[in-house]
Amino acid sequence: MEEFRRGYARLCAAPQGDVLRRLREPPAPASRARLDLAALGLSLDTCGALGRLLPGAAPFAEVALGDCGLSEEGAKLLLHGLCSNTTVKTLDLKGNNLRTMGAEALGKLLRQNKSIRSLILEWNSLGVWEEGFSFFCQGLGANTVLQRLDLRNNQINHQGAGELAMALKQNASLQELDLRWNNIGLLGGRALLNCLHSNKTLKRLELAGNNVPSDILKAVEQAMNHNQDRQTILDETQNRTYILTKEVLSLKDEKTKQFLDLMDTIDKQREEIARSGRMSAARASQLQEALDEQHSIMNSLRAKLQMTEAALALSEQKVHNLGELLNATKQEQTSMAERHFTELQQQKQEGADREGKLLRDLSAASDKNLLLRNQVDELQKKCKVQQDQLFQVKQDLTNTTAELKLRAVQAEERLEMEKKRFKQSLEDMESLRLKEVDHMAQHIEASERSMQDRIQRLEAIRIALEEELSRVKAAALTERGQAEEELIKVRNQARLEEQQRLEHLEEKLRLMTESRDEAQNCCLKQKQMVAEAQAKANQLSLHADGLRRRLEELQQDLNSKEEEKVTEVNKVKVELQEQIGHLQAERTAQEGLREKIAALERQLKALSSNHREALLDKESEISMLLEKLRMKEADIARMREEEAQRASFLQNAIMAYVQGSPLGTHGSRK
């Protein structure tokens with residue numbers, strides 16, 4: 001307001017004090033966008049300044065210039081400024097005695113201005129001059145925004161009423177027209193009544209004090225009621241169509257969101273499948289490396305066994321040379337040889353029993369391995385069936401893959417621990433074997449010095465070889481089915497070597513010439529070695545029990561994984577049932593919408609049947625609305641068909657992707 005006052009003081013050559021005081025007054029809270037200069041008597045300079053300030057976006061929504069005594073030129077300047085205004089909604093010009101130039105300026109204002117909704121022209125003289133009023137009526141006919149017009153006490157005669165009737169036939173925005181206290185008469189009333197047949201927007205027309213007959217007034221009132229009913233029906237239909245379009249758009253948005261979510265889940269599943277493929281390839285490479293390491297270890301063991309066999313052949317040659325020297329002592333040691341022979345037979349029987357136990361353990365382990373393989377095959381079949389089921393519900397694979405990755409990492413850690421333990425045991429075996437080989441070499445060197453020391457060292461070498469054979473057997477048991485055939489060959493060779501050694505030892509014992517005390521000492525030493533061998537055998541049995549426990553733990557893990565997969569499948573089924581329930585709820589909602597549409601159609605038919613006599617000219621419009629509703633229903637049906645086609649295309653694409661993915665190819669190969 002202050003800026004407007006300054007602009008007025010700057011543009012006006014002789015600003016009026018009353019206008020400045022009115023502009024200085026603080027506006028009331030309810031009228032902050034109101035320019036109130038009523039009853040001030042505005043001069044021509046003031047009107048020119050206001051006409052230059054009002055164009056554009058002036059800070060007023062209401063301008064009150066009633067009873068200002070405006071001249072024709074002043075009114076023209078003011079109204080010319082308001083022609084390009086975009087903020088003023090209400091204009092009050094009552095009591096200014098506007099005539100020809102004012103009527104022409106008002107016609108131009110109505111033709112050019114696009115913001116004024118209410119125009120008050122009470123107590124003017126617009127109807128005195130027919131040319132000016134006809135120009136005003138032409139502007140009214142071309143206007144598309146004015147809703148309320150007050151023309152009370154403007155000396156409008158029946159000719160002016162005819163001009164107004166022509167303007168109302170063209171106007172489609174005016175809702176209220178006040179023509180009280182004019183000179184319209186019978187002819188003007190008929191003209192206005194005839195124009196109401198083509199004007200369907202006018203809701204209120206006041207004709208009191210115009211010498212219009214009562215029957216025409218009643219007809220005008222009926223036409224106004226008719227227009228009001230029509231407008232309410234149009235508003236209701238527009239609201240309903242707006243609601244239906246909103247619901248259709250919301251359904252479209254939901255379907256698009258579901259489609260986007262499905263595509264996101266498909267992309268995530270693709271990434272997870274690629275990750276799982278990479279992880280499986282890495283695991284396969286690790287397992288291949290472990291197998292290669294085990295094969296290299298077996299090759300090293302074979303080389304070491306060959307070296308030991310060569311060393312034994314050399315020792316046997318040396319013993320044969322020594323046996324020729326001991327032929328003289330055969331007769332004295334016959335009794336001792338018999339005793340040793342019985343003891344050796346007992347040891348053979350014990351060794352045979354141990355070998356039988358070991359063979360039984362091997363058979364049991366092989367049976368268990370076969371059972372485990374059968375269980376693994378069954379599990380693979382179950383997994384194949386579950387994969388076929390899980391391909392349809394890939395949305396829940398993210399959680400299961402994460403858990404399986406964690407468990408796989410734990411299993412890999414366990415395998416690494418077992419590998420480390422196995423490597424440590426192999427290193428211990430190699431160190432012990434090297435020590436025994438050194439000890440055997442020392443015994444062979446000492447045997448050249450004395451016969452007694454040589455015999456004792458040969459017995460120690462035999463015991464060490466037996467221990468080595470037992471250890472090799474234990475190592476072969478840990479390797480299970482991978483080296484069973486090789487172990488059988490090694491055992492057969494070991495048995496042949498033992499038999500040959502026993503025969504050589506029998507020949508040596510027959511040739512022994514030592515005393516009974518030395519033989520007894522040798523027997524005691526042999527008993528101690530047997531006890532140690534039994535202790536080692538117990539340790540090996542404990543180790544086998546540990547391996548069995550590990551197998552049971554692995555089987556329990558497999559059972560737990562199966563249970564988890566079953567639970568996951570059940571969860572997926574529950575989620576599918578929930579989705580089916582949601583889809584059924586959506587179908588019921590769509591059926592409800594159809595019922596609502598049918599109810600709306602029934603209501604429209606009922607309304608049309610109730611108002612047929614009063615709304616004969618409205619049937620065409622109602623039929624048009626029904627055709628629009630049918631078109632919308634056809635659009636909805638088309639959209640549903642398109643959505644069904646999209647869903648089918650999406651399903652085909654998912655199936656094609658699943659068949660082309662690594663999991664699909666793996667399942668088909670199986």
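## A coiled-coil record and its helix

UniProt, in an unreviewed entry, places a "coiled-coil region" at residues 284–318 and 362–642; UniProt positions are given in the numbering used here, feature names are shortened, and annotations may be inferred rather than shown by experiment. Over residues 284–318, the chain is 100% helix and 0% strand, with its end C-alpha atoms 51 Å apart. Helices here are DSSP runs of H or I with at least four residues, strands are runs of E with at least two, and both are numbered from the N terminus.

Before going on, note that this is a predicted model, in which local features need pLDDT of at least 70, side-chain atom pairs count only at pLDDT 80 or more, and totals for chains, interfaces and linings use all residues. Residues are numbered from 1 along each chain as its sequence is written, and side-chain values use heavy atoms, leaving out hydrogens and water.

## Two tryptophans in loops

Have a look at Trp123, which sits in the loop between strand E4 (118–120) and helix H6 (130–142). Trp123 is not a glycine, yet it has a positive phi of about 60 degrees. Trp123 counts as exposed because its relative accessibility is 54%; buried means under 20% relative accessible area, exposed over 50%, and partly exposed in between (1.4 Å probe, protein chains only).

Now find Trp181, in the loop between strand E6 (176–178) and helix H8 (185–195). Trp181 also has a positive phi of about 60 degrees although it is not a glycine. With a relative accessible area of 54%, Trp181 is exposed.

## A nonpolar surface patch

Phe259, Leu260 and Met263 make a nonpolar surface patch of about 270 Å². Patches are made of residues with over 30% relative accessible area and no salt bridge, joining like charges within 9 Å and nonpolar side chains (Val, Leu, Ile, Met, Phe, Trp, Tyr) within 5 Å. Accessible areas come from the Shrake-Rupley method with a 1.4 Å probe, and for residues only the protein chains shown count as cover. A salt bridge is a side-chain nitrogen of Lys or Arg within 4 Å of a carboxyl oxygen of Asp or Glu.

Met263 belongs to helix H9 (residues 214–325). Its relative accessibility of 32% makes Met263 partly exposed.

Glu486 lies in helix H13 (residues 484–510) and is partly exposed, at 29% relative accessible area. Along the chain, Glu486 and Met298 are 188 residues apart, while their C-alpha atoms are separated by 9.4 Å.
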